[in-house]
Amino acid sequence: MALVETVGVEKQFGATPVLKGVDFSIERGQVVSIIGRSGSGKSTFLRTLNGLESIDAGSIQIDGARIDARHGDLRALRLKVGMVFQQYNLFPHLTAGENVALAQIVVKKTPRHEAHAVAAQMLERVGLGDKFGAYPDQLSGGQQQRVAIARALAMKPSVLLCDEITSALDPELVGEVLSVVESLAREHMTLVMVTHEMRFARAVSDKVVFMHQGRVWESGPPDEIFDRPSTVELRRFVQ
Amino acid sequence: MIDFTFAQMLEALLLAARWTVLLSLISFFAGGAVGLVLLVMRVSRSRVLRALVRIYIEVFQGTPLLLQLFIVFFGLPLLGIDVSPWVAATLGLTFFTSAYLAEIWRGCVEAIPKGQWEASSSLAMNYFEQLRHVILPQAARIAIAPTVGFGVQAIKDTALVSIIGFSELAKAGTEISNATFKPFLVYGLVALIYFALCYPLTHYARTLQRTLYGSR
């Protein structure tokens with residue numbers, strides 16, 4: 001069974017349909033990139049996967065947790081899904097280490113010293129082992145984003161969602177974040193990313209999904225999508 | 001006319017000022033506690049709770065404190081509930097303060113970027129966990145200066161309870177002035193005592209503003 005599976009997901013903002021029936025699935029350990037123009041619904045779709053956006057029709061199943069338009073246990077779903085945002089969204093009143101430890105302590109009731117040990121380990125993993133006590137505003141954008149990745153990983157999610165995580169970064173800081181993502185991909189973390197970094201998407205993805213007008217327009221292995229697009233919309237987009 | 005020495009006047013006023021201080025403290029802390037509950041309801045996801053609190057706040061912000069005190073003091077006895085000036089004053093000030101503090105604090109909570117809610121939601125925290133660990137600690141930082149500022153207002157507002165016969169600083173001033181025929185001196189002293197109570201707070205609010213917004 002697929003780790004993540006959505007069937008006919010629909011979403012409207014007011015009278016405007018944003019998602020018009022998205023069917024999507026990925027296997028454990030896969031890296032999937034979602035590409036498309038702005039307004040194609042790709043970020044909205046990603047946000048439905050952890051319930052930040054409710055859905056109007058269809059269903060979402062992630063590693064045994066299931067939601068549909070009417071009900072669903074959001075907490076159970078969110079325990080399976082980690083998310084990294086474009087704007088990092090670190091908690092500015094907490095240090096990097098406390099940012100990573102907080103949800104373990106609060107949500108999973110992990111004893112503080114254990115949570116801090118996990119936090120230190122996760123920060124080490126993203127190359128920030130020496131920044132445990134630093135506050136977010138003492139870190140660069142790239143470092144903040146890596147803390148955000150560590151924060152999501154610390155909850156041991158089954159799948160990690162990345163919503164344009166390099167778009168807010170200065171160009172010279174993009175590399176350090178992408179290399180962390182790349183190392184996660186190598187360790188077979190299941191990843192779904194919305195990205196504008198086409199070259200990166202091509203290099204790390206097992207599957208690329210092109211969204212257009214609220215639908216999955218085309219999807220397949222990166223070489224196929226980028227070299228042999230079968231629809232005119234994708235051809236225009238990748239050029 | 002009764003002859004009071006200056007020292008006697010000052011002593012009487014200072015003794016009455018104790019009640020002003022006590023009343024200010026009670027209205028501020030009770031109002032703060034009620035205000036916090038109102039705040040949690042005001043920013044909750046329940047439309048009913050939000051609407052209820054909005055009505056509460058609009059009623060108490062939209063009518064004079066004086067009238068609220070009248071209604072509690074003269075209105076409740078008509079319903080068969082006898083209230084002493086002390087109880088009426090405390091109740092009236094608590095309603096009023098809580099409405100204002102809830103509204104000040106709501107502004108502070110809403111100043112916290114939406115991304116903070118989203119990040120904590122996506123970490124599977126529930127509403128109270130988000131408030132307790134992520135939103136309120138940040139909102140509190142912003143809230144300190146305006147809250148202390150409102151505290152100054154609350155001290156001065158206690159003067160209004162003299163009108164329902166509660167003998168605090170303003171009321172004592174009126175009584176002594178009536179007895180001595182020296183209104184300028186007596187009310188001048190009363191004003192000075194209020195100033196002495198408020199100035200440290202104003203000053204403190206200003207310092208907080210500087211230290212909290214100057215650095216991190």
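**View 1. Overall build of chain A in the predicted model.** Along the principal axes, the C-alpha atoms of chain A occupy a box of roughly 50 × 40 × 35 Å. The chain contains nine helices and ten strands, and 49% of its 239 residues are buried. When contacts within chain A between residues at least 6 apart in sequence are considered, 62% of them join residues at least 24 apart.

**View 2. The four-stranded open sheet of chain A.** The strands of this open sheet follow the order S2-S1-S4-S5 in chain A, and their pairing is antiparallel. Strand S2 (16-26) and strand S5 (65-68) of chain A stand at the edges, and because each has a single partner strand, one side of each is left without a neighbour in the sheet. Direction ignored, neighbouring strands of the sheet are turned against each other by 20 degrees on average.

**View 3. Pairing of strands S1 and S2 in chain A.** Strand S1, which covers residues 4-13 of chain A, pairs with S2(A) in the antiparallel sense, and eight bridges link the two. Within this view, A:Glu5 can be found opposite A:Ser25, a residue of S2(A). In a regular strand, side chains alternate between the two faces of the sheet.

**View 4. The hairpin of strands S9 and S10 in chain A.** Strand S9 (residues 207-212) and strand S10 (residues 215-220) of chain A run antiparallel and are joined by five bridges. One pair to locate here is A:Phe210 with A:Glu218, the latter being its bridge partner in S10(A). The two strands form a hairpin with two residues between them, and A:Gln213, which lies in the turn, has a positive phi of about 50 degrees.

**View 5. The side of chain A that touches chain B.** Across the interface, 19 residues of chain A are in contact with 16 residues of chain B. Helix H2 (74-80) and helix H3 (96-106) of chain A each supply at least two residues of the side that touches chain B. Grouped by class, this side of chain A has twelve nonpolar residues, together with four polar and three charged residues.

Definitions and conventions. Residues are numbered from 1 along each chain as its sequence is written. Chains are lettered from A and ligands numbered from 1 in the order in which they are written. This is a predicted model: local features need pLDDT of at least 70, side-chain atom pairs count only at pLDDT 80 or more; totals for chains, interfaces and linings use all residues. Two residues are in contact if their C-beta atoms, placed from the backbone, lie within 7 Å. Ala, Val, Leu, Ile, Met, Phe, Trp, Tyr, Cys and Pro count as nonpolar, Asp, Glu, Lys and Arg as charged, and the others, Gly among them, as polar. A residue is buried if 20 or more other C-beta atoms lie within 10 Å of its own, exposed if 12 or fewer, and partly exposed in between; C-beta atoms are placed from the backbone. Two strands pair if DSSP finds at least two bridges between them. Axes are lines fitted to C-alpha atoms, for helices over the stretch in contact, and angles run from 0 to 180 degrees between N-to-C directions.
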